[in-house]
Structure formats: C-alpha cells, structure tokens
Amino acid sequence: MTSQTEPQPDAQGANLPHLKDLIRRADAAAFPLLVAETRRATQFALALSLNNLRKRAEIAGLGPTDRATLRVALIGGATLRPLADLVEHFTSMLCAAKVDIWVGEYDSYISEVMDPEGELYAFKPSVILVLPAAGRCQYKGTLADPVADQRAQAEAVARDLLDLCQSAADRSGAEVIVCNFALPPYFDPGPMRSSSLGSDYSFRKYVNTQLGLNRPSSVHICDAEFLANRLGTLRAVDDRAWFESKQPYSAEMLVQLAREVAETIASLKRPAKKVLVLDLDNTLWGGVVGDDGVEGIEIGTTSPRGEAFRAFQHHLLALSQRGVLLTVCSKNDHDKAVEPFVRHPEMVLRLGDIVNFKANWEPKSENIRKIAAELNLGLDSLVFVDDNPAEVEIVRQFVPEVTGICLGDDPSLFASMLRDSRLFEVSSLTKEDLERVSLYKQDAERQQLLGQSTDMDAYLTSLQMVGHVASFSAVDAPRISQLINKSNQFNLTTVRRTEAEVLEVMRSDRYEAFTMRLTDRFGDHGLILVVVTRVDGDDLLIDTWLMSCRVLKRGVEQETMNEILRLARRRGCKRVVGLYVPTKKNGMVSGLYPSLGFSAATGEAGRFILELTDEAHFSSHIEISRSDV
Amino acid sequence: MTKDDIYGKLQGIFDNVFMEEVKVTPELAAKDVEEWDSVTHVSLVLAIEEQFKIRFRVGEVESAKNVGDLVNLIALRTK
C-alpha cells in the first residue's frame, strides 16, 4: 500500500532473513521482532510467511510462556480460509495470546448459530467472527421503488443480522464481531448509484450505518466498508478468487480484515491509552523556543510549516476533548517553555489544556516516570511523542512500558501519524471519560499557573479568588475548634480552645472574631482562617490568628489585616497589637507582623504594634464578601 | 523473466507458504507435499499472483498438473 505513513511494500519483509536466523538460533529477540513485522505487514505472502515463522518460533519455545488462550470461531457466507490463518496469526501477535481457531462451513453461518447443539457452541468460543454473505445484502426490487420501501428492507437486513449476532452472543457468552459490507467498486448504475437506496452501493452503505447505530453492546463491528475504502474498493475485490474458491475479498483485503479483527479483539481486552506526553520544540512548533524566542518559532497560518504544527495542535485538542490527558515533557527552561502557551497568539494549546508540564533538563525518562506518578496512572497508559529519534529510543530503553512515537521531520504528517497509531481508539465514550480531563485539569491548572512565577500578580488575578468573611457561628463552631486545636505552623499564639470556649468567644462583647472561607475558579478551599481579637482599652489585641498553609501567600494575610483594621475602627481602638508566641513549629510566622508594617514593642518580646490611621489598607487579589461581622 | 527466474522466485513463495521444506522442481505436484491441500493451494495461488504481480484467468490454474505447468502459466501471464 502506498501511503504517507505506512512502510512501502518493497520495504516490508526486509527483516525476514534476520528473523529466520534468530529463530534458527532460538534467540529470544525473535518474538518481539515477529510482532513488529506483523504490525507493519500488508502483503499477503509476507503475512503467510510470518505466520509460518511464528509457528516455528513457538515450536522452538520462543513465545511468551504465560499467554492466555483465545478461542476464536469464524463463521460466514464465504470460504473462511486462508482468512482464518491470518486471523489466528494477527490475533496471536497483537493480543499476545495463544489462539485456537474453529472454522464454520461455507455459507452455513445461520444454521450454525441457530443450532444450540452444534459444533460452534461445542467449541466454546470466547470470540465469534461473523462474515455475512454480501449476496444477502441486496435490495430485492427496482431502483425506482419508493425510498421508504428500500429503506425498510435495508433496516430489516441490518436487524436480522444483528439479531443473529445477538443470538450467537447469548448462546455462547462470547463477544461477537460482525463484518459489515465493503462497497462495490463499479460505476454501475451510474447517477442512480447514490440517488436510490436500491443500488448495491447505497443499500450496503445504509445497512452498514444501521448495523453500527443499532449494535447491542456484546456485538462489535469490523468495519469492512472502511477498510476497503482505505485500501481502494477496486483492490478489495477479486472476482476470480470468488468464482474459484468463494473467497470474500482480495488477498490484500484479507490481510487488512484479519488485522482489524485482531485489533478489535485486543481493544476488548486492554484499555486505550490515557495520556499523551508531548515534546515541544519541533513537535508542537517549529524551531527551538530557547534559541529563537517566542517570536521566532513557527506556529500559525503565516507559513505552511506553521499551519501544519497548528493543525497538529488542533488534533491534540480534539483528543483532549474526548478524554486523553495532554502533558508536556521538554528539555527547556521552564519559563521559556511556557511562554508560547501564554502569549503566542497562534498557539491552539494553552496552559489550561496541559494537565502536567515538565520542562527542565532532567532525562525525559525520569520526567515521564514523574508524570505517571503524579497523575496516579500506570506507565503503560502513556504515549510519548517526540520528533527526535534519539529521545524516543532512550525512553523506549529506560521506560519500556511507555509507547514511543517518533514523529520525524515532516510536521504535515504528525496528526496523521497519531490518527493512524490506533492507540487512542474508543469503542464508546462515557461521562467519566469526558470528566476525567477537567478533574485533572483543576489540580494541574493551579500548579501550572503557579509555574509562571514570572508574573505572580497575573497568577493571583487569574485565580479569581473570593474570600467569604463571617463572624463565628454555632454551625461553624466544631470546625473552628478543630482548626484552633490542630493548627501548628501558621498559628501566631497557639492558644487552644474547646468548642464551648469558641461559643463563649462568639457570645462575649469583649471579643471580635471571624473566619474566612476561600474559593477560586477551580473550587472551594473551605474554612481556612480563624481570627480572635480582644478589645483592651485603646488596643485591639490579636489573641488568635491561624490559617491553613494551603493558601499561603495568596493575599489572605492582607485581607485578614483589612478585616482586623475595620473591626478596630468600629470598636474605636487606636492601635492594633499582634502577639507572636514562638513554638517549635510556628517559625514560619515569626516575621509576619513586621512584614505587615507592625513595629516591635520595646522591652516586650513577641509584641508588635500598629498605629491605626484612616488610610491604613492592604491590597490583594481577593474579592471579599462579608456576612454578619 | 526467464524460467529460471520464475523457479527461483517460486521457491521463495513455497518456503513462505509451507512449513516443511519443499524443493521446487518441474515434476513436483500437490500429492508430493503433505501440506499441499486445497486450502494451502488457494493461499499458494493468491501469493503467486501477488508476488509476480499477475492475474490468472478463472479456472486456468486448475488445469496445471504440476509445478512445470504452473511455471508455464506464470510465464504466460508475465509476458
């Protein structure tokens, strides 16, 4: 097959002599090479010889010893050999299984399914492949019949076939794979080919659509229509082979069909990949951002290469929208690596689309291990793509569980390579798949925004924080008491209070006390701050100030002071007095009051004073909403 | 393509299709090879068409009684 991304026919099988040699010497490297060659093979003769070599390798004891056995039954309206040999080979290679095959009689599939005592069920298949007769997928009537009649007949054909498959599934407990119908390659009947459902072409196409839309969950479609279209419908048929031995398709198409069946079986057993690990320079954009600068990279509609990179990013975004987690692993300075995501106008992907961003000078294999650990996913759910063959090779060696794709040097093919990689295929999409990305994004987005430490103000603004200030309430008392008795680090005085004492503070006139909850655009942090102040003549004394360390340096400290100042003014105080009682654990706040403009009281360690002025105010990026204070 | 070329290429195809070692000679026939049944025969014909980039006419391979006849057919279609 001549295509952009597949090996040329002449290049196939180049490893055959080497492979034969490995098997002759009973070398363990034979089996992995056999699998790799099988993946690439599109020629019929090559597939046959790989099948033979596999059998020889198995006889020599080279295959994995712990393989499960798959029992595959083939039934249908055509001769199913040599297709069955190919199915056995591809399934055995792509599913890493031992495959037992049972083949039905020519065109006996309906009676085989219907006979509960028959050989089909005695074989106890785990998979049944149904290759229905194309002759049964024809409109009986004329091209000129009303479309409604034609449509009804097509729907009946699809329904009968699905019912048959459902029976086979019910009676055997097997997964059923049914091939749909390749479209005829011929011009006949001309314009009416597509303007009437009575033509073989349109009728089959409609039946195929009905099969796909109405399949029950235990019936899977092997899309022969698509495979033949991809190959070329003229190349998919072989009339001589049909008349001589009732072959359903050309030899070349049989190879495609067998591989597809194997892929379908494999996809039933193993989940699709979940994470895409992306290189940056010459993968997401052209050029090296560290050298060329954000203005110098190629991305966007101003050049053909830039457009190709942009199209690749669009495809990545589409993958992300159906549940694939996008991550970055790049050898770069972090600040430079994030810049295009933040401020290049032609970038499609933005920081918010990347759930984990690793740009540093550590080996990529290390970063990839970290990404998997941080996302709490197995290494085998990761796919790594890079334009540099050396990086892909190193990752293959050091993290062999990860699938590596070398994109090469033509960005116009990047999206196609991923589209043809078969790694991110889905048989169905659940709500969880779609929510997974946003869940990971919440966590990651906070981290990544913080990663742009170059502009802390922009980060804090983008968080869209709201602080909800409230006086103590009976409802909050348990939580307040819990925080008071648990907080050690950001806790100025470490005064402990029981729930009853908290309620007493709440009711007493001597105290002004409040809490703060913090929300940002990613979610709710809950109750994160407790302050208790006491009026002492002209002074408002800060008896207790504690805060959750998770919201450190977000501006909560500043807004807390604003609230304290407001209360001091309301109570007619002239000074605010802060206390710091050092413990083994609260060293982090030893400098808090000086940093907020308090001066140390002379002769009294741990006592800090702020004179109250009218204009005293602290600015932050938190919007305050207040109740009952 | 000379007859020798055809025999050489055919030997490669036989090596791929059959597990057992089969020496290709003009006199060789299906009955001489245990694996050469009607099923492997189909595979053999399909592989020959693919590898020689030829197309047999319907029914004509059936008339070939041995490898010599088959080589004559291939020669006819590769002209």
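**Entry 1: cis peptide bonds**

I began with A:Pro82, which I found in the loop between strand E1 (69-76) and helix H4 (83-94) of chain A. The bond that joins A:Arg81 to A:Pro82 is a cis peptide bond, with omega at about 10 degrees. I note that this is a predicted model, and I read every value below with that in mind. I then looked up A:Pro189, whose place is in the loop between strand E4 (175-179) and helix H8 (192-195) of chain A. Here too I found a cis peptide bond, joining A:Asp188 and A:Pro189, with an omega of about 0 degrees. I recorded these bonds because most peptide bonds are trans.

**Entry 2: positive phi**

Next I turned to backbone angles, since most residues other than glycine have a negative phi. A:Asp107 is not a glycine, yet I read a positive phi of about 50 degrees for it. A:Asp107 sits in the loop between E2 and helix H5 (109-114) of chain A, and its relative accessibility of 29% makes it partly exposed. For A:Lys246, also not a glycine, the phi is positive at about 55 degrees. I located A:Lys246 in the loop between helix H12 (239-245) and H13 of chain A, and I count it as partly exposed because its relative accessible area is 26%.

Is A:Glu263 buried or exposed? I found that A:Glu263 is buried, since its relative accessible area of 11% falls under the 20% cut-off. Its place is in helix H13 (residues 251-269) of chain A. Leaving aside neighbours within four places in sequence, I listed A:Arg39, A:Leu94, A:Arg270 and A:Arg422 as the residues in contact with A:Glu263. A:Leu94 stands 169 residues from A:Glu263 along the chain, while their C-alpha atoms are separated by 6.9 Å.

I then followed helix H2 (residues 30-40) of chain A, where the buried residues are A:Ala30, A:Phe31, A:Leu33, A:Leu34, A:Val35, A:Glu37 and A:Thr38.

**Entry 3: domains of chain A**

I wrote down the domain assignment of chain A, which gives domain 1 (9-66), domain 2 (67-267), domain 3 (275-419) and domain 4 (454-627). Taken over C-alpha atoms, the centres of domain 1 and domain 3 of chain A are separated by 33 Å.

**Entry 4: between chain A and chain B**

How many residues of chain A are in contact with chain B? I read 20 residues of chain A, in contact with 20 residues of chain B. The area buried between chain A and chain B is about 1600 Å², and carbon and sulfur atoms give 58% of that area. I found a count of one salt bridge between these chains: A:Arg240 forms a salt bridge with B:Glu49, and their closest N and O atoms are 2.8 Å apart.

Last, I looked up a nonpolar surface patch of about 420 Å², made by A:Tyr106, A:Trp242, A:Phe243 and B:Val58. Of these, I traced A:Tyr106 to strand E2 (residues 98-106) of chain A. I set A:Tyr106 down as partly exposed, because its relative accessible area is 37%.

Key
Residues are numbered from 1 along each chain as its sequence is written. Chains are lettered from A and ligands numbered from 1 in the order in which they are written. This is a predicted model: local features need pLDDT of at least 70, side-chain atom pairs count only at pLDDT 80 or more; totals for chains, interfaces and linings use all residues. Side-chain values use heavy atoms; hydrogens and water are left out. Patches are made of residues with over 30% relative accessible area and no salt bridge: like charges are joined within 9 Å, nonpolar side chains (Val, Leu, Ile, Met, Phe, Trp, Tyr) within 5 Å. Accessible areas come from the Shrake-Rupley method with a 1.4 Å probe; for residues, only the protein chains shown count as cover. A salt bridge is a side-chain nitrogen of Lys or Arg within 4 Å of a carboxyl oxygen of Asp or Glu. Helices (H or I, at least four residues) and strands (E, at least two) are DSSP runs, numbered from the N terminus. Buried means under 20% relative accessible area, exposed over 50%, partly exposed in between (1.4 Å probe, protein chains only). Domain bounds come from an automatic or database domain assignment. Contact means heavy atoms within 4.5 Å. Buried area is the accessible area (1.4 Å probe) that two parts lose on being put together, summed over both.
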